[in-house]
Amino acid sequence: PREDFTRRLNAGVKGLKIGVPKEFFGAGLALAAAGVLSVAWPLRLLGIRTRTVAVLVLILGALAIYYG
């Protein structure tokens, strides 16, 4: 069966989770990536939860660029 992605459009955002890749924050942090942190605070006020996540493909991509 196909999932109905529209079923929660009018339900609000409380309880939703947003994953923020930890690879975006660290040494050499780009200003555009830093802006994500300022956007996250108002979302939390609406009931959205943010979590730091690891994205392996970003780590491998960075290694490929560095050592490539």
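Reader: Is Leu16 buried, partly exposed or exposed?
Author: Leu16 sits in the segment before strand S1 (17-21); strands (E, at least two residues) and helices (H or I, at least four) are DSSP runs numbered from the N terminus. The cut-offs are under 20% relative accessible area for buried and over 50% for exposed, with partly exposed in between (1.4 Å probe, protein chains only). Because its relative accessibility is 36%, Leu16 counts as partly exposed.

Reader: Before we go on, what kind of model is this, and how are its residues numbered?
Author: Residues are numbered from 1 along each chain as its sequence is written, and side-chain values use heavy atoms, with hydrogens and water left out. Local features need pLDDT of at least 70 and side-chain atom pairs count only at pLDDT 80 or more, while totals for chains, interfaces and linings use all residues, since this is a predicted model.

Reader: Which residues make a nonpolar surface patch with Leu16?
Author: Patches take residues with over 30% relative accessible area and no salt bridge, joining like charges within 9 Å and nonpolar side chains (Val, Leu, Ile, Met, Phe, Trp, Tyr) within 5 Å. The patch here covers about 230 Å², with areas coming from the Shrake-Rupley method with a 1.4 Å probe, and for residues only the protein chains shown count as cover.

Reader: Where is Leu46, and how far is its C-alpha from that of Leu16?
Author: Leu46 is in the loop between helix H1 (31-45) and S2. It counts as exposed because its relative accessibility is 53%. Leu46 and Leu16 are 30 residues apart in sequence, and their C-alpha atoms are separated by 9.7 Å.

Reader: What does Val13 touch, leaving out residues up to four places away in sequence?
Author: Val13 lies in the segment before S1, and it is partly exposed because its relative accessibility is 31%. Contact means heavy atoms within 4.5 Å. On that basis, Val13 touches Leu46, Gly47 and Ile48.

Reader: Is Thr50 buried or exposed?
Author: Thr50 has its place in strand S2. With a relative accessibility of 15%, Thr50 counts as buried.

Reader: Which side chain makes a polar contact with that of Thr50?
Author: A polar contact is a pair of N or O atoms within 3.5 Å; within protein, one must be able to donate a hydrogen and the other to accept it, and residues adjacent in sequence count only if both atoms are side-chain atoms. Here the contact spans 2.8 Å, and the partner of Thr50 is Arg44.

Reader: And what is Ile18 in contact with, beyond four places in sequence?
Author: Ile18 lies in strand S1 and is partly exposed because its relative accessible area is 33%. Leaving aside neighbours within four places, its contacts are Leu43, Ile48, Arg49, Thr50 and Arg51.

Reader: How far apart are the C-alpha atoms of Lys22 and Ala54?
Author: Lys22 is in the loop between S1 and H1, and its contacts beyond four places in sequence are Thr52, Val53 and Ala54. Lys22 and Ala54 are 32 residues apart in sequence, yet their C-alpha atoms are separated by 5.8 Å.

Reader: Which residues form the salt bridge?
Author: Side chains of opposite charge can pair when their charged atoms come close. A salt bridge needs a side-chain nitrogen of Lys or Arg within 4 Å of a carboxyl oxygen of Asp or Glu. The structure holds one; its closest N and O atoms are 3.6 Å apart, and the pair is Glu3 and Arg7.

Reader: What pattern do the helices and strands follow along the sequence?
Author: There are two helices and two strands in the protein. Read along the sequence, they give β-α-β-α.

Reader: Where is confidence lowest in the protein?
Author: pLDDT is the predictor's confidence in each residue, from 0 to 100, and the protein averages 76. Where pLDDT is low, the predicted coordinates should not be read in detail. Strand S2 (residues 49-53) has the highest mean, 83, whereas the lowest, 67, belongs to helix H2 (residues 56-67).
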